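Please look at the sequence and the model before reading on.

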Amino acid sequence: MNIDNINDSSRNAAWREELRNAMTAKERTAIPRVKMPELSPEYRVTCNDEVNQGLPAEAAVIEASRCMDCPDPQCVNGCPVSIDIPGFIKNIQRGEFATAAAVLKKTSALPAVCGRVCPQEKQCESRCIYLKMKKEPVAIGYLERFAADFARLAHEMPVQQAAPSNGIQIAVVGSGPAGLSFAGDMAARGYEVTVFEALHEIGGVLKYGIPEFRLPNSVVDAEIDALAAQGVRFVKDCVIGKTLSYDDLHGMGFKGIFVASGAGLPRFMGIPGENYIGVMSCNEYLTRINLMGAGKPGYDTPVLRGKNVAVIGGGNTAMDAVRTARRMGAENAMIVYRRSEAEMPARIEEIKHAKQEGVQLLTLHNPIEYTADTNGRVNTMRLQKMELGEPDESGRRSPVPVEGAIIDVPVDLVIVSVGVSPNPLIPEAIKQLEVSKRGTIVVNQDTLQSSVSDIYAGGDIVRGGATVILAMGDGRKAAAAMDKKLQEEQM
């Protein structure tokens, strides 16, 4: 995004006024949805530069003018954090870009993050009135990113005004999206919030799980800096349950604890050959590269590379891994998924980008075994061809093996991305917590309060794996509920 162009555009008030006054409802609906500028696939596989380049100011204003300002905006109902979507979009249309960012900040601690990685097509944009007209919805996600980026690049990042300090200390376990969202809301209410992070960087999955070509670290850091300016304190390299216990936190004066420790425990398929060299979890692969600098000059972190790389799975994390493998030198990078492309849970945009970057989709195939060379390095994956049967409980058609249809494919690196399990550290350290069979913390669905009265929990440690925005919604819900309980106790 060119800040000079934004500033020039923001001064062009006459053009914007003419645009607003000239448009009828029919003319608004005739405007095609904006296209996101992107780096070329040939260039982007050579580096970690962000693929989506952001909207120019003029394009953002025109896209914002498509918004019909519905009297009952269903897009807001589709947003897990209830952003005032018409409010921020109309400010963009008026050219009040910093005000648009301030509207976003009222309910979202991470608007620049959400504008990049949230599945708007399944949430806010899926409720847009344009879909009833058989037209493409307003590009809410692109506009959210535009407003947040404008505020950051123009050094006008809004800081949510905090209430006067009430002196009550609150602890947050984990600095991912749920923890950061909770911390921002509690700080705004006047609480003294400390976020404890086990790793050496703040950001959780936003840092270790999402590559910079999709979410630059500088964007995450700017959002974290805004929370620090709001008064949130961050402590790194501190493992709650090991470095500090539940009793330690009480001894330090914390009156409430929000657990947002995520779902960082990788799953495997339990098939022969998964212990060979060159078969690894997606979590490990992405963490080594995204957080620990593997492959970058000046970093000694080792990571396996391969020419023929297979990623098992069809979600966004799988797409992140296979696209990362291309950037790490893979000549043949492939997704192996047991259902069809239509059933893939990954965002359509991520699938499109992967294809543009030369990724092969081996759909309707499922690994059943790996073999290795004499050194124990994986060299072949055996795939069972599948076909789709009846829908399962998720609503997707169940994959069924095609009898006798098995193929061998050469590989020298396999990255398994078939889901994650909740981090077991907190449940194991605090025995009073009720835990489900899946290892998630059991909470009251209305308040997110656990079986331990001063502990609330949200995000993947409760859901077992979900989106950034759903985790943020949990953070907001838990903050409101904890605040209500603490205020009642004070009274």
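In what order do the 5 strands of the open sheet stand, and is the pairing parallel or antiparallel? The order is S3-S2-S1-S4-S15, and the pairing is parallel. The model is predicted: local features need pLDDT of at least 70 and side-chain atom pairs count only at pLDDT 80 or more, while totals for chains, interfaces and linings use all residues. Residues are numbered from 1 along each chain as its sequence is written, and side-chain values use heavy atoms, with hydrogens and water left out.

**Sheet**

- Strands (E, at least two residues) and helices (H or I, at least four) are DSSP runs numbered from the N terminus, and two strands pair if DSSP finds at least two bridges between them.
- Strand S3 (233-235) and strand S15 (455-457) are at the edges with a single partner strand each, so one side of each has no neighbour in the sheet.
- On average, neighbouring strands of this sheet are turned by 25° against each other, direction ignored.
- S15 pairs with strand S4 (residues 254-259) in the parallel sense over 3 bridges; Ala457 in S15 is the bridge partner of Val259.
- Helix H11 (residues 177-188) packs on the sheet and touches strand S1 (169-173), strand S2 (192-196), S3 and S4, where contact means heavy atoms within 4.5 Å.
- The direction of H11 makes about 165° with that of S1; axes are lines fitted to C-alpha atoms, for helices over the stretch in contact, and angles run from 0 to 180 degrees between N-to-C directions.

**Largest cavity**

- The whole structure holds 4 cavities of 30 Å³ or more; a cavity is a set of points on a 1 Å grid over the protein atoms alone where a 1.4 Å probe fits but cannot get out, and lining residues have an atom within 4 Å of a point.
- The largest cavity has a volume of about 130 Å³, volume being the space filled by probe spheres set on the points, which are joined across faces, edges and corners.
- Its lining has 17 residues, with Asn52, Arg116, Arg145, Arg214 and Glu349 nearest the centre.
- Helix H9 (111-117), helix H10 (140-153) and helix H17 (348-356) each supply at least two lining residues, and H17 gives the most, with 3.
- This lining has 5 nonpolar, 4 polar and 8 charged residues; Ala, Val, Leu, Ile, Met, Phe, Trp, Tyr, Cys and Pro count as nonpolar, Asp, Glu, Lys and Arg as charged, and the others, Gly among them, as polar.

**Second largest cavity**

- The second largest cavity has a volume of about 110 Å³.
- It is lined by 14 residues, of which Cys79, Ile83, Gln120, Cys124 and Glu144 are the closest to its centre.
- Helix H7 (85-93) and H10 each supply at least two residues of this lining.
- The lining of the second largest cavity divides into 10 nonpolar, 3 polar and 1 charged.

Key:
On a 1 Å grid over the protein atoms alone, a cavity is a set of points where a 1.4 Å probe fits but cannot get out, and a pocket is an open set with protein on both sides within 12 Å along at least five of seven lines; lining residues have an atom within 4 Å of a point.
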